[in-house]
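Visitor: Hello! I am new here and would like a short tour, please.
Guide: Welcome! Let us look together and take your questions in turn.

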Amino acid sequence: MANLKNVGFVREDTHAVKGIAVIMMLLHHLAGFGDRYPVGFEGFKAKNDWFIEGGFLSSLAFNMRFCVAVFFFLGGYGVYKRMAKGKFSLTDSVLGLFKKYWKVFVIFVPVAFLFFSRSGDGVSWLAARYNFSNIRELITTIISNFTMLSDSINGEWWFMKTYICALLLGTVYFKLTKKLNSFAGELLLIFVIDMMLRSVLPNLPSVQGLEGLSGNIFFRRFCSETASSSPFFAGIVFAKYDVIVRLKTMLYKMPFKAVFGLAGAAVVIWCRCFITGTELDLIYTPLLAASLSVFFDSVKPLRTAFDLIGKHSTNMWLIHSFYCYYFLEVTKFVYLTSNVWIDLGILVAMSFFTSVILELFYLYLFKGIEYIRNKYEKKNSDDSDDKKTESEKIPQSESENENEKILVH
């Protein structure tokens, strides 16, 4: 029997599950929207016609938006672990997200406007979004997107604002529930929060006397940015009571834990996609995380591979839609075949290796800047020392001259 003392859910586990989640996202955007295919692409085909003709592929891909809940859950889980150790700073976390966003923004946005401004026949409505009639409109668009007030440059960047809102609310939740010590009680509480964010708050403007809320920009923003963020609170609660470790321990006691882990993940995804929808995301996300973690514990090479992909998940999310939607010539390469798995592999590989190159670029860029700064500071220091030495020599020379005069006299 496996040593249950070694059961855990650590950073490598969250990265590996993020690796699965980001591939779910790429499948969602690649095959979940037939109206977003490049002009001339006739759709995916397969040897098993039911996979395509029965609508299973489009339904599966569309429901892979489950990845959003998974990212929220893992985010809340990680935030709690850092808060519990006193290593969490809300300011640093938000600024860190902006930095990751800007690192992609300052490269891909100029490329988009300089090289992929297209319109006319043969260009999808997505690939034509970088056309602007005047400079004022262009500058306004760039500034509003740079500050995250808009996501018109890349529609899939909406998640960034929502995640920042979840960080803010999650921090408040952590502070207010610090003294609570009941998993069942907090689980009930986050279900209430989920109900409030999804159903109650958005419908408040329909209540007599509260109609003015519909015109309040802060209320509208709050409702739109927080409606899907409830799994973030679930991540905090499940981390607080180590429930994922408990779930993993149960699976570890099974005779074929790797099989049960993989089967459990498949059942969760199937139920989420085709049976219940989003209503049980607060439960599905930890079950998926625990099941995948047990499977990866038994298949170390896969865990290593998905751990690596997960480390680049933020960049891959920020980058991939340029390739499958907005950069016309690149979209034709992504949709190269009619086989969804081959094209998904192309999109994953392009997004991953672009992220790797991006990180290397900034690594050497910052190293170069640091090197130049150190050289500059050293030169200034040397110049300062030289001036100091000269200033010390002058009084000494004058003193020697005075002594010589005294001796002469």
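Guide: One term to begin with: a residue is buried under 20% relative accessible area, exposed over 50% and partly exposed in between, using a 1.4 Å probe and protein chains only. The model is predicted, so local features need pLDDT of at least 70 and side-chain atom pairs count only at pLDDT 80 or more, while totals for chains, interfaces and linings use all residues. Residues are numbered from 1 along each chain as its sequence is written, and side-chain values use heavy atoms, leaving out hydrogens and water.

Visitor: Is Phe73 buried or exposed?
Guide: The relative accessible area of Phe73 is 1%. Buried means under 20%. Phe73 is therefore buried.

Visitor: How are the ring planes of Phe73 and Tyr77 arranged: stacked, edge-to-face or tilted?
Guide: Rings of Phe, Tyr and Trp (its six-membered ring) pair if their centres lie within 6.5 Å; planes under 30 degrees apart count as stacked, over 60 as edge-to-face and the rest as tilted. Phe73 and Tyr77 are four residues apart in helix α4, about one helical turn; helices (H or I, at least four residues) and strands (E, at least two) are DSSP runs, numbered from the N terminus. Their ring centres are 6.3 Å apart and the planes are at 40°, so the pair is tilted.

Visitor: How many disulfides does the structure hold?
Guide: A disulfide is a covalent bond between the sulfur atoms of two cysteines. Here the cut-off is a pair of cysteine sulfur atoms within 2.5 Å. For Cys271, the nearest cysteine sulfur, that of Cys273, is 9.6 Å away. The number of disulfides is zero.

Visitor: Which residues does Gly43 touch, not counting residues up to four places away in sequence?
Guide: Gly43 is found in the loop between α1 (11-31) and α2 (49-53), and at 9% relative accessibility it counts as buried. Contact means heavy atoms within 4.5 Å. Leaving out residues up to four places away in sequence, Gly43 touches Tyr37 and Ser338.
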